[in-house]
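Time to open the notebook and jot down what I looked up. I'll keep it short and go one topic at a time.

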Amino acid sequence: MDFTFSEDQLLFRDSVRDFLRAEITPQRNRELWLTDTGRCSALWQQMADMGLCALTVPEQYGGMGMSELDFVLLAEETGYVALSEPLLNTALLATPLLRDCGHAALAAQWLPRIASGDARVIVGLEINTLVEDAHCADLLILERNGALYALTPDQVQLRENPSVDPGRKLFAVEFDGAKAEKIAEGEGALALIEAACNRGALAVAAQALGLAQRMIDISVQYTSERKQFGAPIGSFQAVKHHMANVAYKLEYAKTPLYRAAYSLANSRPQAGVHVSHAKLVACEVADLAAKNSIQVHGAMGYTWEVDLHMFMKRAWAFNSSYGAAGFHKARVAQRIFSDGALLGAGNTF
Amino acid sequence: MNLNYTPKQQAFREEVRSWLAANVPVQALQSFDTEEGFQQHREWEAKLYEGRWGMITWPEAMGGRGADLLEWLIFEEEYYAAGAPLRVNQNGIFLLGPTLMEYGTEEQKQRFLTGMATGTDIWCQGWSEPNAGSDMAAIRSSATLSEDGSHYVINGQKTWSTRAVWADWCFGMFRTDPASERHRGLTFILVPLNSEGITVRPIPQLDGLPGFAEIFFDNVKVPVDCRLGGEGEGWSVAMATAGFERGLMLRSPARFQETARRLVELYRANQQHVDDDPSIRDAVMRAYLDAEAYCLTTYQTACRLMQGGKIGAEASTNKIFWSELDLQMHATALKILQCRGELLPEGPDAGDVGRWLDGWLFAQSGPIYAGTNEIQRNIIAERLLGMPRK
């Protein structure tokens, strides 16, 4: 029993953290909002050079063959900076899907390109209604009526829907199923879709925790500087308690996330329930961070100029991404309210 | 990360389980806040000690097993799952014991730890005073060193001393330097409660039982070798570095996980008539998840400590989390019980519902004692988040 990350995992997290915080500043995010695609090839290549795109690609395809557990701390960091590049979709959803879908040719064609940073592959699941980042995908893997299709950009029509979060790009995608390459159907497709959904929910949960931490940090800084009644407003107990409430809930959302990552990486039978636990509490704490952060910012928090909103809006957008609360609660309920469920002390691991 | 128990840990769990199965009293003991129940619990402590289960993390020489924190968590899981009696000497074994090991002289360790482990000496705390609650540094009860340096003379009043009514000893902080203020000039002293000049006035708790008391000190003479740590060092002894480890031992996740398990059972048995209020199902689920999160975080902390890690300020988050969880779980249970939720256990039609009411009454104290949750939030804001003090 060892519920800690390895030295290597923590060191890699630190270097990715340094890189992301230096590169993806709020100013950089604002500049990207004004570009046509909102995405940046140079940035993607930088991430590939750090090994982020190759991390989950199997070694035989030029990757490092690492797991959800190796990625989860990095996903928190991408949330912290509100990264908009589809790194998590490509590395955590598309890559394992290509690895597991049983199409050796497709895997051989795309996984090396993912690893080198040459391709963005995007998975679009029906649970999300719209497909994120379809406009910058070199390959789309889309769910339709219980089957999975692989599509190149020329095979799809995109209809953009602006999100409240200017960093998110969402599209309705139309394609002709008869002409598309069907890569899975039936039971096989369901398993792949469920796995992708779990990984998507894990990625969102991890980012939500990063966002919550970012909103705490911004708010602590702001309330330490802003003075009223002759004192920093952060010295007032009412303001302190707003932040303390987020901080303590954040602590208890972290371990469910790490356990979920471990369970996915090790194909534990309860992995889905563990992901649902992580997703529920992570989105709740990010939501609370947004609510309390705008409150302690006062009118400044209601403006476009103050950076808080880019993190707040991402948190709102994530609430129902890869399963709204009801979806995840139903999975938890199915476990704990079923006959013979082993609950209580000693049945956690 | 490896979330599997080792064969050794599994074998340890089996050993605990079979001992408890053979030894936990079939008939539940009376509340330790009654005279008879107190005695029953004292006997249970002696039985645990005989089996070397009294304090498994203590060294073998002191009647323990030298167990590590993960084994402690496993032990607690089995202990709560078996429905074993509450620990009447928790102030001693969980709070004073580790402090004694760190700050006590060899003579003090020999003298106090064994009596504590066997249940011969039951301990209560003497921290709070009528004007020193959340503001503990406002302590005014005094201890004056006699001219020959052989003993202290204690005067003053302590309050909210849990288990003090039938306890044998009290440990607490007293002001030894009358000119001192706040955290300075305080000294940690162990006081036999049968000393001349001590008056214990029981205070009935919310359930009507005298679970805590006021202690009045009127020229109470205590030998100087009952001082723990140096004179004037009381504050740092009390805030000992082992602080969180003690917290970890005192509020086992197992306790809350068992409550959550019983809550799920209660909900399922009454589902027909409570699903009219969908918030109940949601709250039951939430209780289960939060109890599990508390367990996960405690395991993570235990692993980190065992690898030589230090506890950070994030440890201050646990008090709020478990105390609010405990309240929420019992509030939900009472909603499920509906009209039966107000019945005391002795009522002829109460069935086993009274246990939930008991728990509900007890849960009211959680957000208040051991530093109110408001104080905890201040600590989190200032020490974990770095928000300005002034």
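Predicted model: local features only at pLDDT ≥ 70, side-chain atom pairs only at ≥ 80, totals over all residues.

I started with residues 6-119 of chain B, where the chain is 64% helix and 0% strand, and the end C-alpha atoms are 32 Å apart. Helices here are DSSP runs of H or I with at least four residues, strands are runs of E with at least two, and both are numbered from the N terminus. I checked the record: UniProt lists that stretch of chain B as "domain: Acyl-CoA dehydrogenase/oxidase N-terminal", in an unreviewed entry. Its positions are given in the numbering used here, feature names are shortened, and annotations may be inferred rather than shown by experiment.

Residues are numbered from 1 along each chain as its sequence is written, and chains are lettered from A and ligands numbered from 1 in the order in which they are written.

Next, chain A. UniProt gives the domain name "Acyl-CoA dehydrogenase/oxidase N-terminal" to residues 6-118 of chain A, also from an unreviewed entry. I found that span to be 65% helix and 0% strand, with its end C-alpha atoms 30 Å apart.

I looked at chain A as a whole and got eleven helices and nine strands. Its C-alpha trace spans about 70 × 55 × 35 Å along the principal axes. A compact globule of 349 residues would have a radius of gyration near 20 Å, and chain A has 20 Å, so the two agree. (That radius is taken over C-alpha atoms, and the globule rule is 2.2 Å times the number of residues to the power 0.38.)

Then I picked a helix pair. Helix H7 (residues 186-225) and helix H10 (residues 308-318) of chain A pack at an angle of about 150 degrees, axes 10 Å apart. That makes H7(A) roughly antiparallel to H10(A), a label for angles over 145 degrees. Residues in contact, meaning C-beta atoms placed from the backbone lie within 7 Å, include A:Leu211 in H7(A) and A:Phe311 in H10(A).

Last, I asked myself: how many residues does each chain bring to the contact? Chain B gives 47 residues and chain A gives 40. On the side of chain B that touches chain A, H9(B) has the largest share, 13 residues.

Notes:
Axes fitted to C-alpha atoms, helices over the stretch in contact; angles between N-to-C directions. Parallel < 35°, antiparallel > 145°, perpendicular 65-115°, else oblique. Contact = placed C-beta atoms within 7 Å.
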